[in-house]
Amino acid sequence: MIKRLLAIVLLAVTVPAAAKVDVLSLKVNHMTSPAGVLGNPTFSWIAVSDRQCDSQSAYEIKVTDSGGRPVWSTGKVLSNNSIAVKYTGSELKPASTYFWQVRVWDAAGKAGSWSQKGSFVTGLPREDWKATWIAPAMSEASPLVRGSFTVKKPVKSAVAYFTAHGVYEAFLNGEKIGIAYMAPGYTSYNHHLMYQTYDVTEMLKRGENVVGAELARGWHLSNMGWSDPTQYKLNFEGDRMAFLGQIVITYKDGSQEVVATNGSWKASTGGVLHSTIYDGETFDARKVPEGWCTASFDASGWKSVETLDYGYDNLAPQTCEPVLTHELMPAKELIVTPKGELVIDFGQNLVGSEVLSYSGKPGQEITVSHAEVLDENGNFYTHNLRSAKAQSKYICDGKRRDYTTRFTFYGFRYIKLEGIPKDEINLDDIEAHVRYSDLDATGVFECSNPLVNQLQSNIQWGLRGNFVDIPTDCPQRDERLGWTGDAEIFARTATFNRATYAFYSKWLKDLAFDQLPDGQVTDIVPMVHGLVGAGHVGWADAATIIPWTLYMAYGDPQVLEDQYDSMKKWVDYIIGAAGESYLWNTGWHYGDWLAFDVDNDVAGRSSVTYVPLLQQCHFANSATIMADAARVLGHTDDELYYRNVAAKAREAFCKTYMTADGYLVSHTQTAYVVALAYDMIPEEMRPLVASRLKERVESYGHITTGFLGTSHVTTALSLCGLDDVAYNLLLHEGYPGWLYPVKMGATTIWERWNSMMPDGTIPDNGMNSFNHYSYGAIGDWLYREAAGLKEAEPGFKKICIKPHPGGGFTFMKAQQNTPYGWAVSSWRIEGNIFTLEVEVPFNATADVYVPSSDGYTRHEVGSGHYVFSSEI
């Protein structure tokens, strides 16, 4: 029996005489100390208490300007809300730094102390832009632009705003401004070009100052696409590198000065001779004009810039985290391949760039190639990169330098060095710098199975490598694009591992910008026109699934408000295509992409799912999400309408695609999985349909699903009481299965179940990435079902802890930093005793379901730490 008394005893002995509540984490617009805030920001916080079952009964927020003067105070507000409280004070001034604090009252009405100060810097409204777009007359890969200005009075503050056509790094008085890479990021540039905001107060000096930027082609001006990338252009306005910059200086006497790009700026060339996203970067150290962005540099030989009339209509502040350097990975091994290649192994498939500390001789050229794997003979393998050269070329000047790339990125575990003698290669002088969007790590998963722990590591590294400003499909070949299907499939897994609200919200804005007038959602966001299409099942449904996923994970309905029209347009498009029959069955679609297939399949074992069946399931699911979003936002008429549409879509599904015996027209794992996951099956038929799914799994003995089925298969099995079948799929070590790549030495998730064969051979199929996170969506089941930690209400205000032990595991733990703080579900089996340790954050509650030989026993608990045990 469940030891119900144990939880009660824990509560009784841990209540202190007086609770202490501290606020530990402050967020503005879901980010820490963001710069570039426009409009009314939102404030969120996490508090902790030393008392069990404690919660927030009230809060007070105060905002001050940089001089400490009060700007806004809520006073004491009787509310338990601590997520996205909106600023309602007077209009905030542009180019200004503000500070804020919050304190909360506990459940007993006792006030905690004020938090430490958080901060944010305001952006620049379009009407306040004075700068002129400038472009160098030369067309070199990475031109330099610079301008000078004089500071004559004591400075109170200085805020800089920069953006570019291409990518840029900005400098002030010889120092780089900020630590980000690949600014201004990858967006739908015609509609949405982000600018970055920097506080440069401490970088200014009395007298002459020099501000400048180094430009490169980036996403904006690289050819993007596969096979022959010159066929495809991003088709964005402005076909040349350009820069826009403005510094707002506020002096201590209260006056202001604006320093802006204009026709007086000068341009020249720098050390970067070539740089594109796919092909890589060439750097000639001999051509670096040392000190080019300092007042002492002689720029008399530089050329005048051209001014361009690009305007400000598409400008918007950056609303997501920047791309930064994170892990520094040392070189593990120098390999001499059978072909005699000199190869460095970093031990981990990653995304970023190498850093080579080397002197060399003047004019010595070093070529660094990048690869994810070695072939079956141990030789360097780049065939899967297709047309992408993915090479760094460094030309030495005889001085010791850290050679690296700054305007592109690579996906690699191995690098091949050419141009350096073997005896001059020192592993201590070689690192890989891992670069990705600066999203807080929020999830920890561990268990008693080492292979599954490695699978979790692969999931996390796949996320790192494919979250470089946008959610990409892969980071290495001539693609690296924002495929909507991949993003949709992985979104829930991502929300456990990283704080993704701002990251996805920014990308969803571009999804809406690129959406076709009839409501179809493009396959890729930002869209590369002429490369792919729109309106495809499972891919276009990112328009509804990801906003709802973010709302449930983070509890902020703003994403639903922002995306509501886009969501509605997509669902209305399907309704129009379905017509009076409520059957969506038209058009070409990717279907269950990369499902299990068999060559020369005379026995019919390939897992091909009838696409109209998948269309109908996604139709009903997106209509349901639309109804739920309407309910949250108070659009009653819309809620009733889309709820009725969803019901009719499900009714049409049952009449058209399911027999009275619970068979579907496609007798595949994916067909049954998606139908069960999207509630297409009437309640009385679910056990029968679940038995068909079980039979399909046991018939193969392994997974057969592709992209659309894999993200749901184990969850559907668990929700149907088939945990043992789900665990069998997870633990299958052969092809196809999640642990097959792990056993093959993978350190990231593969694109295909068979990206590499057991003998090490690599199929030459023209599409084979070794860093492709989609199949990593199994993580969602590991965290939410196997370990048993998931939200019962949006944002984890109420938590459901319901573990599903099995598979021979003796230990499993999921730990997530929710919007209310760390929540933990950790279970262990010793003999026939099941022990469940639970942590519920302050201001949240949980329903805890403890398994035993008799089923589950439910406990309602408040915040705090609990231990339950039972016999199983």
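**Close-up 1. K153 and D253 in a predicted model.** K153 counts as partly exposed, at 30% relative accessibility. The structure shown here and in the other views is a predicted model. D253 has 52% relative accessibility and counts as exposed. The two side chains form a salt bridge, with N and O 3.0 Å apart. K153 sits in the loop between strand 10 (143–151) and strand 11 (155–165), and D253 in the loop between strand 16 (242–251) and strand 17 (256–260), so this pair links parts that are 100 residues apart in sequence. By the rule applied here, the count of salt bridges comes to 35.

**Close-up 2. The salt bridge of E169 with R406.** The side chains of E169 and R406 meet at 2.6 Å, N to O. E169 belongs to strand 12 (residues 167–172) and R406 to the loop between strand 31 (401–403) and strand 32 (410–418), so the pair ties together parts 237 residues apart in sequence. E169 is buried, at a relative accessible area of 4%. R406 is also buried, with a value of 19%, where the cut-off for buried is under 20%.

**Close-up 3. E281, a buried acidic residue without a salt bridge.** E281 is located in strand 20 (residues 280–284). This residue is buried but has no salt bridge, and R406, the nearest side chain of opposite charge, is 5.3 Å away. A salt bridge requires nitrogen and oxygen within 4 Å. Leaving aside residues up to four places away in sequence, E281 touches residues including V272, H274, Q391, K393, R406, F407 and Y410.

**Close-up 4. R413 and D345 between two strands.** The closest N and O atoms of the R413–D345 salt bridge are 2.8 Å apart. R413 is in strand 32 and D345 in strand 26 (residues 342–358), so the pair connects parts that are 68 residues apart in sequence. R413 counts as buried at 17% relative accessibility, and D345 is buried with a relative accessible area of 7%.

**Close-up 5. Packing of helix 7 with helix 8.** Helix 7 (residues 558–578) and helix 8 (residues 611–633) pack at an angle of about 145°, and their axes are 10 Å apart. The crossing of helix 7 past helix 8 is left-handed. By class, the contact has 16 nonpolar, one polar and two charged residues.

Terms used: Residues numbered from 1 in each chain as written. Predicted model: local features only at pLDDT ≥ 70, side-chain atom pairs only at ≥ 80, totals over all residues. Heavy atoms only, no water. Axes fitted to C-alpha atoms, helices over the stretch in contact; angles between N-to-C directions. Helix = DSSP H or I, 4+ residues; strand = E, 2+ residues; numbered from the N terminus. Left-handed = near helix turned anticlockwise from the far one by under 90°. Nonpolar A, V, L, I, M, F, W, Y, C, P; charged D, E, K, R; others polar. Buried < 20%, exposed > 50% of the residue type's maximum accessible area, 1.4 Å probe, protein only. Lys, Arg positive; Asp, Glu negative; His and termini not counted. Contact = heavy atoms within 4.5 Å.
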